[in-house]
Amino acid sequence: MPEGGVSRARTRSSRCAGFQFSAAAGPLPDAVLDRVQRELRDCRGNGASVLALPFTSKAFRDLAAEAVAYLRALLAIPDGYRVLFMQGGASAQFAAVPLNLLHGRSTASYVDTGHWSAKAIAEARRYCTVNVVASSAASGYDRVPDSARWMMDAGAAYCHIISNETAHGLQYRSTPDSGDVPLVADMTSDFLTRPLEIARFGLIYAGAQKNMGIAGLTVVIVREDLLGRAHPCTPSVLDYGVQVKHSSLYNTPPTFAIYLAGLVFEWLHAQGGLATIAESNRRKSARIYAAIERSEGFYRCPVQPQWRSQVNVCFRLANETLTPTFLEAAQCAGLFQLAGHPSAGGVRASLYNAMPEQGAEALAHFMEAFAARNA
Ligand SMILES: *Cc1c(COP(=O)(O)O)cnc(C)c1O
């Protein structure tokens, strides 16, 4: 790892130095935080703090354009796709997607893989008939339903998936085929953690707080032919066509979050791009899954091996009464925020991009020692 590349996931001020495994927000790379510190008072000679940069200034427009350019390069976004910076989190997109993409149709297809699918489906039901074309609810969300068996509806306006179910720890291994129906994906928890074939999607959205910096910014990548036909009642701020027309500056955008995302994109580029990051993410998650497998049943992962997330590793202790002891001991060892999602329980280790490999290694060691002590 290059100098400054080690993440501040290692909290320096805590009693015992440690790593932060929260699923709700990812750590930031040290190199990015150092840069912010330098630019906080005077951003690149513009005489203004980056926190107070007016969105109307050339300085801010340049920063935003640079961020878009880095993102386009990282993902090799082809011509014919627009990048938008929006607000309201992924949750606003749960409404924006049907409002913008129904195009007068009355049905949309949704795949149900767990907690975030349910949220997206509930919101979409306010605007259209939702066909749940596949669900893994019956098996406790232990897999992604086989896409060959999805009950696809050729008349659907679009088909919506959650590429990584953050609460349950399952992830699509490859991009499913939705035929001529545009594929829409909420990638909030695994955006930029691996290369993507953008051309397979009609629309992708992701909140910034997990792999792109801080809360307040949502990135949307949308195919141009889907634009310009939003429902007339669509709020202007959620109208992709309006945002495209104004280069995402229809109203005051989250300037600091956009600046920070730009720095994170630049950092990812310096790490060697998404293929390199994906390899590192694979190694991090493999280390934890190996500790689970080698524990002879002390730990178990409810998700079937081929669908296990490389970003949110969810597991349980066979003796569930030991879970609070595990979490407390982990915290004392500097391994923070490991409790599972409230809807799932158990343990969850989130390994977003800025979590260094040493963090995964430290957790795996802790798990092995804890199992040895409590077997
Ligand atoms: C974290 C997360 C969200 C959260 O959405 P916000 O509106 O930004 O709070 C949505 N979808 C997925 C898949 C997530 O992991």
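How do the residues of the shell around the ligand divide into nonpolar, polar and charged? They divide into 3 nonpolar, 7 polar and 2 charged. Here Ala, Val, Leu, Ile, Met, Phe, Trp, Tyr, Cys and Pro count as nonpolar, Asp, Glu, Lys and Arg as charged, and the others, Gly among them, as polar.

Colleagues, a word on the basis of this talk. The model is predicted, with local features needing pLDDT of at least 70 and side-chain atom pairs pLDDT 80 or more, while totals for chains, interfaces and linings use all residues. Residues are numbered from 1 along each chain as its sequence is written, and side-chain values use heavy atoms, without hydrogens and water.

I begin with the ligand. The shell (residues with a heavy atom within 4 Å) includes W116, I162 and N164. Helix α3, residues 89–101, supplies the largest share, 3 residues; helices are DSSP runs of H or I with at least four residues, and strands are runs of E with at least two.

Next, the polar contacts, pairs of N or O atoms within 3.5 Å. The side chain of D186 places an N or O atom 2.7 Å from a ligand nitrogen. For ligand oxygen atoms, the distances are 3.0 Å to the side chain of Q209 and 2.7 Å to that of K210. Of the 390 Å² of accessible area that the ligand has on its own, the protein covers 86% (Shrake-Rupley method, 1.4 Å probe).

Strand β12 (residues 312–317) pairs with β14 in the antiparallel sense over 4 bridges, where pairing requires at least two DSSP bridges. V313 has A349 as its bridge partner in β14.

Definitions and conventions. Polar contact = N/O pair within 3.5 Å; in protein donor to acceptor, adjacent residues only side chain to side chain.
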